[in-house]
Amino acid sequence: MKIIKYFALIIILALSQFSLAQNSDDSMLYRKDFKSISGKNTVSVTSYVKNGIHLVYAGGVGNVDVYSLNKDGILTPISNHELYKGTGPSRGMVADNINGTDFLFVANKHGNVIETFKILDNGSLDRVSLVEDTNETHLGTAITLQVIHMKKASYLFIGGLEETPGLSSFKIQNDGKLTHVQSMKDDETIHTDGIIGMFTHKIKGKTFLYTGGFQDNGVSSFRVYDDGTFKNINNIDDNNTDRYLTGAYPVTGVTLGENKYVIVGHRHHKYYDTTTNFIKRKKFTYHGDGVSVFKVNKKGALVPHFVLKDDETTKLQGQTRIEIVSSDNNEAVLAVGTRDDASIQLLKLNEAGILSPINYLETGFSIYYGLRSHKIGDDNFLIAGSFRFDLGKIVSYKIAPKINREGKVLRHIVNLKYKEEATEAQINEAVETFVNLKNEIPEIVNIEWGVNDSEEGHSEGFTHTFTITFNDEHAREIYLFHKAHLDLISKVGPIIGGAFIMDYWTKVN
């Protein structure tokens with residue numbers, strides 16, 4: 001009987017893993033909500049759970065905005081908080097619990113400080129500490145933060161860019177204040193000039209930190225000790241054949257079975273204006289874009305393992321953030337945010353360390369480090385923001401099985417009513433501007449419109465209907481966040497008395 005139960009359990013586990021694989025192979029992103037931010041853009045996004053509230057923190061130029069996220073992916077604003085000197089943008093935000101107290105750590109890039117906020121019961125923030133850059137540290141133009149918990153204390157690791165590149169470690173006190181432990185100045189050996197991504201693995205009780213060097217075009221590994229000090233283990237450079245580390249950008253990792261992996265993306269220097277002095281090493285060869293997988297050996301060193309190269313079926317140009325959406329012992333689902341492809345690409349990493357593409361969504365805005373995965377119950381979400389100053393939005397997506405839309409088009413129905421004081425000239429101009437979107441946004445297949453002619457008495461005052469046709473989800477997203485659409489809303493908004501919007505899919509005639 002025990003043998004029968006044992007084999008039955010094996011079958012159940014195998015079927016569940018098969019089901020997971022089937023679902024992950026067909027995962028897709030579906031937008032659930034978007035909200036305005038008080039900062040001038042959204043550069044960084046992180047999330048946290050406190051008192052059962054799922055919190056989202058969006059940091060941009062000048063401010064950090066706080067939202068709650070519910071099980072349906074709906075964002076609700078809680079508060080906003082001004083950064084030190086009203087500057088920023090806030091980068092590398094990370095929330096964590098230090099000996100019973102919840103904190104949000106923020107790298108204020110152009111303020112050259114690290115700000116520590118206590119997370120209050122409702123999720124809002126109270127600044128408790130500021131650490132400014134000195135000649136001994138490398139906090140100038142700080143970009144990336146990583147909390148590392150050791151046996152007796154917790155430490156905040158900080159990476160900088162441009163004028164004072166290097167890696168620093170600070171001990172986190174119980175009140176959130178930071179005490180400097182060690183700083184390592186960047187040199188020609190290590191890759192710490194422009195640390196935009198960091199990740200840690202623990203191997204047999206030992207802690208290892210992995211960094212990407214945006215200006216150095218490579219990745220490095222470090223051993224972290226119990227007292228917060230660290231030393232370099234190994235370094236891997238870019239090349240012009242099978243590595244894609246020019247402009248190493250996001251860094252993350254995962255453990256699958258007995259294997260530990262570090263995944264590194266890049267935003268190639270070709271995407272920047274090389275006539276400026278921002279790119280320090282101007283002599284480079286572009287041979288494509290790709291996501292690199294490194295295997296971690298028993299000594300914590302990185303070993304090149306696999307590269308998924310971008311092609312016509314993927315959206316991997318200008319990778320700025322890679323998030324682990326979900327993982328089990330056999331595989332992980334990753335989300336790659338891209339600035340140049342303006343998309344979120346889903347990937348699968350199997351136990352053997354092989355990456356394969358799943359699906360992508362063209363978001364309609366470029367992602368600049370602002371991407372965060374978050375789980376509520378059994379559901380996985382992504383929260384994204386854009387560096388675009390004209391957008392000012394944060395967006396939530398749910399990861400779910402892809403819906404078959406083959407042979408269908410999307411109708412986007414916009415019903416409007418105008419305020420009583422709106423003049424005929426204003427209404428005509430609004431209609432003309434709306435219809436002209438067809439010329440501004442190529443993804444629009446067709447626009448038709450008309451004035452309400454119903455005599456049934458159930459029109460609720462709505463007078464104008466516009467029907468927009470899209471071929472797919474990507475086109476709708478591009479339309480929603482397109483500058484021409486945002487300009488329309490800004491221009492026409494003051495005379496709109498109400499809007500009723502519905503979307504539906506229908507078969508192509």
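# Notebook: salt bridges and pockets

Entry 1. I looked up K280 and found it partly exposed, at a relative accessible area of 42%. My scale, with a 1.4 Å probe and protein chains only, calls a residue buried under 20%, exposed over 50% and partly exposed in between. The model is predicted: I need pLDDT of at least 70 for local features and 80 or more for side-chain atom pairs, while totals for chains, interfaces and linings use all residues. Numbering runs from 1 along each chain as its sequence is written, and side-chain values use heavy atoms, without hydrogens and water.

Next I checked what K280 pairs with. It forms a salt bridge with D193, and the closest N and O atoms are 2.8 Å apart. K280 sits in the loop between β19 (259-266) and β20 (290-296), and D193 in the loop between β13 (178-185) and β14 (195-203), so the pair ties together parts 87 residues apart in sequence. D193 itself is buried, with a relative accessible area of 5%. I count a salt bridge when a side-chain nitrogen of Lys or Arg is within 4 Å of a carboxyl oxygen of Asp or Glu. Helices (H or I, at least four residues) and strands (E, at least two) are DSSP runs, numbered from the N terminus.

**Entry 2. Other salt bridges.** I searched the whole structure and got 19 salt bridges. Side chains of opposite charge can pair when their charged atoms come close. I then looked at K35. Its salt bridge is with D33, with 2.6 Å between the closest N and O atoms. K35 is partly exposed at 22%, whereas D33 is buried at 11%.

K398 is partly exposed at 24% relative accessibility. D379 is partly exposed too, at 27%. Salt bridges with shared partners join R31, R476, E477 and D503 into one network.

**Entry 3. The largest pocket.** I found about 800 Å³ of space in it. Its lining has 38 residues, with H412, L480, H485, I489 and I501 nearest the centre. β32 gives the most to this lining, seven residues. Elements supplying at least two residues each include β1 (27-36), α5 (483-492) and β32 (496-507). By class, I noted 25 nonpolar, three polar and 10 charged residues in the lining. Asp, Glu, Lys and Arg count as charged, Ala, Val, Leu, Ile, Met, Phe, Trp, Tyr, Cys and Pro as nonpolar, and the others, Gly among them, as polar.

A pocket here is an open set of points on a 1 Å grid over the protein atoms alone, where a 1.4 Å probe fits, with protein on both sides within 12 Å along at least five of seven lines; lining residues have an atom within 4 Å of a point.

**Entry 4. The second largest pocket.** I found about 650 Å³ of space there. It is lined by 30 residues, and Q146, M198, R321, E323 and R372 lie nearest its centre. Among the elements giving two or more residues to this lining are β2 (44-50), β14 and β26 (367-376). This lining divides into 15 nonpolar, 11 polar and four charged residues.

**Entry 5. T46.** I located T46 in strand β2. T46 is buried, at 3% relative accessible area. I listed its contacts (heavy atoms within 4.5 Å). Leaving aside neighbours within four places in sequence, T46 touches residues including L55, Y57, M93, L104 and R372.

Definitions and conventions: Points joined across faces, edges and corners; volume = space filled by probe spheres on them.
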